[in-house]
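Here is a short briefing for a first look at this structure.

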Amino acid sequence: MINYARQTQEEQPEAMPPPAEEHIAPAPRVSVQAFCETVETAAAVQSAGEDRRLGKAHLKIQMGGMSAAIEAYRSAPTPNVIVLESDARNDLLAGLDQLATVCDAGTRVVVIGRINDVMLYRELVRRGVSDYVLAPVGAIDVVRSICNLFSAPEAKAVGRIIAVVGAKGGVGASTISHNVAWAIARDLAMDAVVADLDLAFGTAGLDYNQDPPQGIADAVFSPDRVDTAFIDRLLSKCTDHLSLLAAPATLDRVYDFGTDAFDAVFDTLRSTMPCIVLDIPHQWSGWTKRALIGADDILIVAAPDLANLRNTKNLFDLLKAARPNDRPPLYCLNQVGVPKRPEIAATEFAKAIESQPVVSIPFEPQIFGAAANNGQMIAEISANHKSIEMFLQIAQRLTGRSETKKQKSSLLSPLIEKLRGK
């Protein structure tokens with residue numbers, strides 16, 4: 001019998017669109033072969049294969065359904081995952097019995113069918129089928145089913161990668177990313193790491209008042225050594241919930257990278273951290289484009305002028321086309337209200353981009369400058385500053401968290417507060 005490892009928790013399968021905040025972890029490097037009966041399903045599977053979360057999977061699609069699968073594996077080894085489309089109940093069960101005789105141990109099977117029957121579903125589970133998806137299916141249904149095969153319910157959740165990038169240089173994207181990461185760690189009580197990808201001029205170390213001897217450069221230039229233990233040694237602890245993978249910010253070497261240079265680092269961080277915030281420099285290269293497209297959620301930081309509007313629009317168009325099964329990127333306006341500077345209103349930005357900014361952060365050079373020069377976050381400089389709530393709003397939108405985790409108060413809390421006030 002085929003060793004199908006995963007069983008879904010639902011007893012009644014339903015084809016439903018994903019919720020807006022659904023987080024689907026990417027699949028590892030696996031081989032997937034689909035045997036479809038209809039061109040509509042084949043098209044959905046083909047579209048799924050182009051999704052970023054299946055970017056490492058090798059997908060092959062054939063027509064012919066169950067009979068084609070059985071014939072194919074009489075003389076060929078089976079892949080990691082087989083996707084089968086079948087309409088007939090009896091033929092499906094009989095076909096699975098035949099398929100089991102020619103399949104390798106460890107192969108996982110996803111069945112796409114049109115029979116919405118809990119008894120059939122239980123019989124498929126009894127035979128070891130990994131997942132049953134009710135047709136008609138969309139690309140995201142296929143992506144979810146395949147990716148979830150490698151994300152067991154009892155396993156530690158795969159981390160969410162958040163990419164923050166400026167629409168133009170000097171718009172404060174790094175400052176925003178560092179303060180948002182602070183809000184994620186402090187207010188949402190999520191373990192998070194900031195990865196400063198600007199190796200030549202990164203400011204995360206300065207902003208968090210850290211000067212670690214090692215950082216992300218050690219990992220990028222030693223890809224063969226990258227594993228959980230190695231990355232853990234490179235992390236600098238900022239708070240109980242926040243760590244930093246700092247950039248060297250030196251010019252003693254040239255930082256020219258291949259497209260997949262950071263893949264091993266990101267994969268390792270995903271396996272150890274619930275939330276990874278990428279501070280992406282304002283440059284356009286193969287690896288920055290790959291980091292943006294591969295992220296789970298994206299924040300674009302823009303100033304209210306024409307160049308930022310154009311660049312934000314270009315980024316939106318590219319990312320929506322490259323990530324058709326993801327929600328669109330978010331953007332915020334920063335440095336709003338510079339004295340005597342003509343600005344494009346937030347309403348005009350929203351009209352051109354067809355999306356509202358998450359927040360509009362006012363230009364306040366005194367407090368932001370003081371925080372930067374002191375190596376502190378805005379929340380450390382002024383606990384009640386209005387931008388802190390904006391950072392929290394961004395953090396909640398990017399992580400899908402709608403409520404903050406507050407510490408439980410005790411009977412001594414009022415007394416403690418009075419002592420602190422003194």
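**Cavity and sheet at a glance**

N179, W182, A183, R186, D187, A379, I388 and F391 line the largest cavity. The elements giving two or more residues to that lining are α6 (173–186) and α16 (386–399). The model is predicted.

**The cavities**

- The count comes to two cavities of 30 Å³ or more.
- The largest cavity has a volume of about 50 Å³.
- Helix α6 gives the largest share of its lining, with four residues.
- Sorted by class, the lining of the largest cavity holds five nonpolar residues, one polar residue and two charged residues.
- A probe the size of a water molecule, rolled over the atoms, shows where empty space is left.

**The sheet**

- Five strands form an open sheet in the order β2-β1-β3-β4-β5, and the pairing is parallel.
- β2 (58–63) and β5 (131–134) are the edge strands, each pairing on one side only.
- On average, neighbouring strands of this sheet are turned by 15° against each other, direction ignored.
- Strands β3 (residues 81–85) and β4 (residues 108–113) pair in the parallel sense over five bridges.
- V81 has R108 in β4 as its bridge partner.
- In general, strands of a sheet pair through backbone hydrogen bonds, either parallel or antiparallel.

**The helix on the sheet**

- Which strands does helix α5 touch? Helix α5 (residues 139–148) packs on the sheet and touches β1 (31–36), β3, β4 and β5.
- The direction of α5 makes about 170° with that of β5.

Definitions and conventions. Residues are numbered from 1 along each chain as its sequence is written. This is a predicted model: local features need pLDDT of at least 70, side-chain atom pairs count only at pLDDT 80 or more; totals for chains, interfaces and linings use all residues. Side-chain values use heavy atoms; hydrogens and water are left out. On a 1 Å grid over the protein atoms alone, a cavity is a set of points where a 1.4 Å probe fits but cannot get out, and a pocket is an open set with protein on both sides within 12 Å along at least five of seven lines; lining residues have an atom within 4 Å of a point. Grid points are joined across faces, edges and corners, and a volume is the space filled by probe spheres set on the points. Ala, Val, Leu, Ile, Met, Phe, Trp, Tyr, Cys and Pro count as nonpolar, Asp, Glu, Lys and Arg as charged, and the others, Gly among them, as polar. Two strands pair if DSSP finds at least two bridges between them. Axes are lines fitted to C-alpha atoms, for helices over the stretch in contact, and angles run from 0 to 180 degrees between N-to-C directions. Contact means heavy atoms within 4.5 Å.
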